[in-house]
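Here are some notes to read with the model open beside you. Take the points one by one and find each residue on screen as you go.

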Amino acid sequence: MIPGRPVIVFDTETTGISGQDRVVSLGAVRLDAALEPEATLHLVFAPGIRCHFGAYRVHGLSDAYLARQNPFSAHAEEIAEFFGGALGCAHNLSFDRRMLGGEFDRLDMPRPWSGEFCTMLGWRRHRPGERAGLAHASAACGLSRESALHGALEDAWLAANILRALHRLPPAPMRLHGFTNDRTGEMAA
C-alpha cells in the first residue's frame, strides 16, 4: 500500500457541511514516499460567511476571529505549492476533498493533489466491524486529541498516524503549532 511517492494528509475545519459552506482552516502533513513526516502547513481563513453554531462547537473558531484573517484566495498558491501534486489523503476523504476542492474550484484552479486515499475506508478494510471514525481509529492506535476541540493540523496528524498504522509503522511524534498565517497575533478558541 505504501505509495512510493509523497503523500499530503490533510484535514479541514469549515463553516458547516453543505456545498455552500467554506473552509476556515487547513492542516496538512507532508509525508515522504516512506511515510516519514517532512513538513506541516496550518492555515486559517476568513470564509466570508458565518459559521453554523454546530461547526463553531466543533472547532471553536469564532466569526469575529475569522473575519480578521485573509481569505482562502490569499493562500491558494501556497497551498498548491505545498501539495505539489502529491497523493491526497484524509480521514473521511469525501468530505475534505469536497470542501478543499470547492475552494480551488471557486478560484478556477486545479486541485493540487493527484491520486487519493481515504484512511477511514482503509481502516474499515483493515479492521472490518470496528468503528472507523477518526477518534475511534486513533484510539485503536493509542492516539487521541489533546483537547475537546477539533483542530485541522491535529486531525491531519492523527490521520497520518492511522495511515502509518495501516502500513505497520509506529506513530510519528505529532508536531503541533498554531496557524502560521494568523493576522491577529492571538489564537482563537
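1. Start with a charge and a ring. This is a predicted model, and in it the charged end of arginine 30 sits over the ring of phenylalanine 82. The distance from that charged end to the centre of the ring is 4.3 Å.

2. Next, look at rings that pair with other rings. A search of the whole structure turns up seven aromatic pairs. One of them joins phenylalanine 10 and phenylalanine 83, with 5.4 Å from centre to centre and 65° between the planes. How is that pair classed, edge-to-face or stacked? It is edge-to-face, because planes over 60 degrees apart are put in that class. Phenylalanine 10 belongs to strand E1 (residues 7-14) and phenylalanine 83 to helix H3 (residues 76-83), so the pair ties together parts that are 73 residues apart in sequence. Both phenylalanine 10 and phenylalanine 83 are buried.

3. Stay with phenylalanine 10 for another pair. Its partner this time is tryptophan 113, again at 5.4 Å centre to centre, but the angle between the planes is 35° and the pair is tilted. Tryptophan 113 is in the loop between helix H4 (93-106) and strand E5 (116-118), while phenylalanine 10 is in strand E1, so this pair links parts 103 residues apart in sequence. Why does phenylalanine 10 count as buried? Its relative accessible area is 1%, and buried means under 20%. Tryptophan 113 is buried too, at 9% relative accessibility. Put together, Phe10, Phe83 and Trp113 make one aromatic cluster.

4. You'll find arginine 97 in helix H4, and with a relative accessible area of 27% it is partly exposed. Which side chain does the side chain of arginine 97 make a polar contact with? That of glutamate 116, at 2.7 Å.

5. Most residues other than glycine have a negative phi. Leucine 35 has a positive phi of about 65°, although it is not a glycine. It is found in the loop between strand E2 (23-31) and strand E3 (37-44), and it counts as buried at 0% relative accessibility. Asparagine 92 also has a positive phi of about 65° without being a glycine. Its place is in the loop between strand E4 (87-90) and H4. Is asparagine 92 buried or partly exposed? It is partly exposed, with a relative accessible area of 30%.

6. Leucine 35 leads on to arginine 164. The backbone oxygen of leucine 35 lies 2.6 Å from a polar atom of the side chain of arginine 164. That arginine 164 side chain also makes a polar contact of 3.3 Å with the side chain of glutamate 36. Arginine 164 is part of helix H7 (residues 152-166) and is buried, with a relative accessible area of 4%. Not counting residues up to four places away in sequence, arginine 164 touches several residues, including Pro37, Leu169, Pro170, Pro171 and Ala172.

7. Beyond the residues up to four places away in sequence, histidine 75 touches Leu43, Phe45, Asn70 and Asn181.

8. The largest pocket has a volume of about 410 Å³. How many residues line the largest pocket? There are 20, and those nearest its centre are Asp11, Thr12, Asn92, Phe95 and His150. Two or more lining residues come from each of E1, helix H1 (53-59), H4 and helix H6 (134-140). E1 gives the largest share of the lining, four residues.

Conventions. Residues numbered from 1 in each chain as written. Predicted model: local features only at pLDDT ≥ 70, side-chain atom pairs only at ≥ 80, totals over all residues. Heavy atoms only, no water. Phe/Tyr/Trp six-rings, centres within 6.5 Å; stacked < 30°, edge-to-face > 60°. Buried < 20%, exposed > 50% of the residue type's maximum accessible area, 1.4 Å probe, protein only. Lys NZ or Arg CZ within 6 Å of the ring centre and 35° of its normal. Contact = heavy atoms within 4.5 Å. 1 Å grid on protein atoms, 1.4 Å probe; cavity = no way out; pocket = protein on both sides within 12 Å on 5 of 7 lines; lining within 4 Å. Points joined across faces, edges and corners; volume = space filled by probe spheres on them. Polar contact = N/O pair within 3.5 Å; in protein donor to acceptor, adjacent residues only side chain to side chain.
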